Amino acid sequence: MSSGAKTARAGVVAAVIPPAGTDLIEWYYAQGYSDGFPLVPPTPEKVAAVMAALGGDAQQLLCRVPPRWGSLTREVLAINMVMAGCLPGYAPVVEAAMLALTAQPFNLNGVQATTHMASPLLIVNGPVRNEIGMNSGCNVFGSGNRANATIGRAIRLMLLNVGGAWPGLLDKSTLGHPGKYTYCIAENEEQSPFAPYHVEHGYKAEDSAVFVLAAEPPHSVTNHFANDPPGILDSICSAMSTICNNNAVSGGHCAVVLGIEHAQTIAKHGWKRHDIRHYLWTHSGNLWKDLYCNERYGKIYNRTLPVWYKREPDARTPIVPSPDNIHVFVAGGEAGRFSAFIPGWGRMSSPVLRALGGAPPAGGANCVDGTCYL
Amino acid sequence: MQTQLVYDPRGIVEAQAMGLAPRIRKIDGLRLAILDNSKWNCNKMLRGVRDELQNKHKFAAVNYFTKDSFSSNATPEQIAEIVANHDIALTAIGD
């Protein structure tokens, strides 16, 4: 704490009064609360506005964030949101994301501490995307949109400050990746030819939901020549079928983000998400012998992969154990024949889909065999 | 000058202090649990240590456990079994 600072009030969150004339941006840097970029100094008014958007009750505990297991109350969430530059209207998305990340199947404790580079990817569906001005279009993974940037940043600040995942201390990632600053997009439902992702999973179109996946960075898939689904999807299969992404050796889940042109070309042939997932799963993967260099370093079993995989040299090794473990989204600008493959961390973490406000899937859509119709 | 407040964004940690288990003075006759984190080289290291220990000491029992995933906690059932039926436990990370 800065010399001369005085405690202003008792409570769980220590608010103090720094010496007159203190440069607050530098003060927050000095405390070690920053992700590397300047923080927006919170004020009582800004913190109160976010808490009001969450329903008040500053000390209500939302979750505990591993590996430090700090208590995330509404007030602490609000402070981190303000520091990240969020507007109060983003609060329900950030709250839902933190509850999804701390759900047991996600294994945030492992995600935070692993030597792998995985970082939580957040994908938002539903009306809230437009209500708060999220970008689901051109340069969707890039810079330039306040909501995308600061929601992802607020999550990272909480993973650092509340979860204690400071690089080198509790976050042991060998390399990390740029998504550890912010990694948040929205699905482009307006230009997608398919039902929104959350509708496919039983939510109503008027619900809003967040999807979280422990993920590597996006890997671009270029295909400017194919005018049918197999041609486009074969390129994505190629991106999926490396021996060195973490899915290849650890299974689990991955995501595919179809660009608009690719998605529309595929849909024109009558293919649904269900068909896409199955094609990708069937035609991607590696030969077992390629994963382990033809046993140059001895015979390897790999206990992380499912027991039912054949451990034989010419056996096909799927990238993930099931077509349902390939999570297909549509996003990006309307021009450009690009998609992205996003490897996950592995079977050590399961993605989580959670509605804002915690509403359960309502089954409002007409869903048949994994495909839902509006 | 207007008063400026600054905030702590970390949230509190509610934890109960736990003391260390009593130190073991004699290994012979004890029941040893070995917990393998299931990483690539963990079993090689732990089995080597197990063999070395068994050459030097006469255990009442030596039982080997493997975590389901190296990145997740041991299951509550595994931990309960180790606590209930063993006197000492050995674990390691073999990356």
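Author: W69(A) sits in the loop that joins β3 (61–65) to β4 of chain A; helices (H or I, at least four residues) and strands (E, at least two) are DSSP runs, numbered from the N terminus. Before going on, please keep in mind that this is a predicted model, in which local features need pLDDT of at least 70 and side-chain atom pairs count only at pLDDT 80 or more, while totals for chains, interfaces and linings use all residues. Residues are numbered from 1 along each chain as its sequence is written, and chains are lettered from A and ligands numbered from 1 in the order in which they are written.

Now back to the tryptophan. W69(A) has 17 C-beta neighbours inside 10 Å, so it counts as partly exposed. For that label, the C-beta atoms are placed from the backbone, and a residue is buried with 20 or more others within 10 Å, exposed with 12 or fewer, and partly exposed in between. Setting aside neighbours within four places in sequence, W69(A) is in contact with R64(A) and with V13(B); contact means that two C-beta atoms, placed from the backbone, lie within 7 Å. Another pairing to look for is G164(A): it is 95 residues away along the chain, yet its C-alpha atom and that of W69(A) are separated by 7.9 Å.

Let us step back to chain A itself. It holds 13 helices and 16 strands, and 51% of its 374 residues count as buried. A compact globule of 374 residues would have a radius of gyration near 21 Å, and chain A, at 22 Å, agrees with this; the radius is taken over C-alpha atoms, and the globule rule is 2.2 Å times the number of residues to the power 0.38. The largest nonpolar core has 108 residues, of which M81(A), V93(A), V94(A), A97(A), L122(A) and V212(A) touch the most other members. Such a core is a set of buried Ala, Val, Leu, Ile, Met, Phe, Trp, Tyr and Cys residues joined through C-beta atoms within 7 Å. Beyond four places in sequence, V94(A) touches L77(A), M81(A), C86(A), I151(A), A154(A) and I155(A). A second, separate core of seven residues includes L32(B), I34(B), L35(B) and A74(B).

The three strands of chain B make an open sheet in the order β2-β1-β3, with parallel pairing; two strands pair if DSSP finds at least two bridges between them. At the edges stand β2 (61–66) and β3 (88–92) of chain B, each with a single partner strand, so one side of each lacks a neighbour in the sheet. From one strand to the next, the twist averages 20 degrees, with axes being lines fitted to C-alpha atoms (for helices over the stretch in contact) and angles running from 0 to 180 degrees between N-to-C directions. Five bridges join β1 (residues 31–36) of chain B to β3(B). I34(B), one of the core residues above, has L90(B) as its bridge partner in β3(B).

Both helices of chain B lie across these strands. Helix α1 (residues 42–56) of chain B lies across β1, β2 and β3 of chain B at about 165 degrees to β1(B), and α2 (residues 76–85) of chain B also lies across β1, β2 and β3, at about 160 degrees to β1(B).
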